[in-house]
Amino acid sequence: MNFSALLPLVLMLVQLWPCSLSTQNCTTQNRDQAFTAVRRVKRGWVWEPLFVTEEQTSMVPLYVGQLKSDLDKQDGNLKYILTGEGAGSTFIIDENNGKIYVTQKLDREKKSFYTLRAQAISRSTQLPIETESEFIIKVRDINDHEPQFLDGPYVATVPEMSPEGTSVTQVTATDGDDPSYGNSARLLYSLIQGQPYFSVEPKTGVIRMASEMDRETKDQYLVIIQAKDMVGQAGAFSATATVTINLSDINDNPPKFQQRLYHMNISEEAPVGTTVGKVFAEDSDIGENAAMNYFIEEDDAGVFDIITDNETQEGIILLKKRVDYESKRRYSIRAKVVNRYIDYRFLKEGPFEDKTVVKINVENADEPPVFTLENYVMEIAEGAMSGSLVGVVTARDPDDDDCPVRYSIVHGMHLKRLFSINEHNGTIITTKPLDREIASWHNITVTATETRNPEKISEANVYIQVLDVNDHAPEFPKYYETFVCENAVSGQLIQSISAVDQDDSAEGHHFYFSLAQEATNNSDFTLKDNQDNTAGIFTAKSGFRRQEQFYFYLPILIVDNGTPALTSTNTLTITVCDCDTEVNTFYCRYGAFMYALGLSTEALVAVLACILIVLVFLLAIVAIRQQRKKSHFSEKMEEFRENIVRYDDEGGGEQDTEAFDISALRTRTVMRTHKPRKKVTTEIHGLYRQSLQVGPDSAIFRQFISEKLEEANMDPTAPPYDSLQTYAFEGTGSLAGSLSSLGSNMSDADQSYDYLADWGPHFKQLAGMYTSYRSVRD
């Protein structure tokens, strides 16, 4: 047997693969033809297609098929050997006749076929008689798996009122059996629960709408789908899946008012914006489909408004204008509600809006007085006498009882000093004359109060304009600084002047300029009125002399156009300058200043020179004094150093008891009164100055030492200055001589005072003094 002979066998096995002993897939005639073809093309090996049905079991190994070589003489000389997948365990072979048996239960879903190899050898020679050949044992499927809905439970959403046949969702079941063999894996879907609203396609599992449904009636349905294998035949396995189908909302319902007539009340005291009441319309839809807007459709007076509360979907009626019980006591308005979002598919079913009527009653309240005007404007001429009438304000009680009111002025005590009001009739009068130039307008606030209920108060603003009266004469707008040169020629313009008036002229100010009567015959200057509220001053002669007259005073008469006209005389001061034709203002002012002092230029220079000399002399004195202070301080330092160096009287030390009783310093029981310490440094300096005069053994020095000793003894809190105060002088005649280094023959460089720092804090200041002394000396 060669391998080329196996090819036709493999082809035939492929053809027989889907076949089984059942008549469902292969007929007996087809199998017989196939087996004949196998036997016809096979020359070495002879076998039939090998199949084994899964899940089959038996007390003895189950026969599968037989392998047989055409060289087998049936004399027992051939030995069949089986190798490959499961050989020897799952499959065994009878080595004498080539029959194959399965020894255990098989599962097609775990392994659907096994590949084995067969070999025939001679028992006598142990040599292969047939070439090793490979063959396949197919595991034939049986219906041993139930369908499964792996994606369940299902949840689907479909819009309400969807037409019949609308796809909702699809369910899919799986079956572990072989879909290519038999009907084990062929599923059939059916509806267990959900009729008559839904249907399912048997082969695809697509769920569809079976009728139109209204979400407002029922918004959720529970549908149960069953899947059966074996195409629903008897003995088939089945499984069910639950599908929750929700109906989503569409805007198919209009809003409806809960009431056809609403009754509300509003107080006449309510301010604008007060909530009068609420209306509400119901909409069976949800979400944005239930959103609505409210409108006032009929309101002849325009007194009310309505807004929508987006959270509660209520219509809030607000007061748009103040109401008055005495004027109108009842209002009737019509409110309308409309869906905010319209689904035009349902417009044919009717308008998505509704209307209602709202009756609003005005409640009476005790109202404050009401002024006839909110703002009053009054006029009065300035300068009017005290008690002059300004105007009248009027207020009344709007209530039916018409309670009397009382008037008063508020807001500013200064206004009360200018105006007063009759509390009974509202007449405003002045209490003092008014000046328009101080204040042209006065704003006052007048209150009206009910006499029976003082809490009811109203206010009104009164604007009082003070009318102008021509009571201010015109005057120069500023001080004119006028100069004229000594060599000025006749007819030369030296100054242009104008005028101002504090009064207010409705037609505009117009001023007339002329020289005063006393200057009419003035031969020095003339005036020309320019008829535009200005005038020019001209020279009337040529040449002026400062030595003769330094200043000219020219009186000018100014008349305004008021009624009556007012006149004022203003004096123009003209200064003569030492110049040619052009005035130098600085030198003119300087000359005027000198003239006012009565000094000449030479005299002024002499005065300035003297002042300068005096300043130099004073600076020199100050410098000399500063130098002397520095020199004196240096001498003081030198004296201080010499005094410290030469002092060599220290007494006998602790063994010397002649100078004072030292036991007093050691007795703690001595009662001492605290005395404020004097500044030691100042006293030592004084002592140094005295010591230079009288010497260290003088009575003054001894007295100083005694005083300091007594002060130290009486002050328990004093620092230990004993080294300086107590032992500075302790008597004379010490056999040991001086123990102080200040008077020793040793040089300062050989002395070290560093040990004083080791004596503790009580000697800190003494150590510092010696250290500073040493530093100064070095």
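R117 is partly exposed, at 33% relative accessibility. Here, buried stands for under 20% relative accessible area and exposed for over 50%, with partly exposed in between (1.4 Å probe, protein chains only). The model is predicted: local features need pLDDT of at least 70, side-chain atom pairs count only at pLDDT 80 or more, and totals for chains, interfaces and linings use all residues. Residues are numbered from 1 along each chain as its sequence is written, and side-chain values use heavy atoms, with hydrogens and water left out.

## Salt bridges

Side chains of opposite charge can pair when their charged atoms come close. A salt bridge is counted when a side-chain nitrogen of Lys or Arg is within 4 Å of a carboxyl oxygen of Asp or Glu. The count by this rule is 18 salt bridges. One of them joins R117 to E132, where the closest N and O atoms are 3.8 Å apart. R117 belongs to strand 7 and E132 to strand 8 (residues 128–140), so this bridge ties together parts that are 15 residues apart in sequence. Strands are DSSP runs (E, at least two residues), numbered from the N terminus. E132 is partly exposed, with a relative accessible area of 34%.

K278 and E314 form another salt bridge, at 3.8 Å from N to O. K278 lies in strand 18 (residues 275–282) and E314 in strand 21 (residues 314–319), so the two parts tied together are 36 residues apart in sequence. A salt bridge also connects E298 with R334, at 3.6 Å from N to O. Here strand 19 (residues 292–298) holds E298 and strand 22 (residues 330–339) holds R334, so the bridge ties parts that are 36 residues apart in sequence.

| Residue | Relative accessible area | Class |
|---|---|---|
| K278 | 44% | partly exposed |
| E314 | 22% | partly exposed |
| E298 | 43% | partly exposed |
| R334 | 28% | partly exposed |

Salt bridges also link K79, E95 and R123 in a network.

## Aromatic rings

A pair of aromatic rings is described by the distance of the centres and the angle of the planes. Rings of Phe, Tyr and Trp (its six-membered ring) are paired if their centres lie within 6.5 Å; planes under 30 degrees apart are stacked, those over 60 are edge-to-face and the rest are tilted. There are 15 aromatic pairs in the structure. In one of them, the ring centres of F91 and Y114 are 5.1 Å apart and the planes stand at 70 degrees, so the pair is edge-to-face. The pair links distant parts of the chain, with F91 in strand 5 (residues 91–93) and Y114 in strand 7 (residues 113–122), 23 residues apart. F91 is buried, at 0% relative accessibility, and Y114 is buried as well, at 10%.

Another pair is F371 with Y407, whose ring centres are 6.5 Å apart and whose planes are at 55 degrees, so this pair is tilted. F371 sits in strand 24 (residues 370–371) and Y407 in strand 28 (residues 405–410), so the pair ties together parts that are 36 residues apart in sequence. F371 has a relative accessible area of 10% and is buried; Y407 is buried at 5% relative accessibility. Elsewhere, ring pairs link Y197, F198 and Y221 into a cluster.

Y114 also takes part in a contact with a charge. K111 lies over the face of Y114, 5.3 Å from the ring centre. A charge sits over a ring when NZ of Lys or CZ of Arg is within 6 Å of the ring centre and within 35 degrees of the ring normal.

## Two loop residues

Q259 is in the loop between strand 16 (256–257) and strand 17 (261–267). Q259 is partly exposed, with a relative accessible area of 37%. Its side chain reaches the backbone oxygen of L261 at 3.1 Å. That is a polar contact, a pair of N or O atoms within 3.5 Å; within protein, one must be able to donate a hydrogen and the other to accept it, and residues adjacent in sequence count only if both atoms are side-chain atoms. The C-alpha atoms of Q259 and A281 are separated by 8.4 Å, while the residues are 22 apart along the chain.

S162 is in the loop between strand 9 (154–159) and strand 10 (167–170). S162 is buried, at 8% relative accessibility. A polar atom of the S162 side chain lies 2.5 Å from the backbone oxygen of P159. Not counting residues up to four places away in sequence, S162 touches M209, S211 and E212, where contact means heavy atoms within 4.5 Å.

Notes. Helix = DSSP H or I, 4+ residues; strand = E, 2+ residues; numbered from the N terminus.
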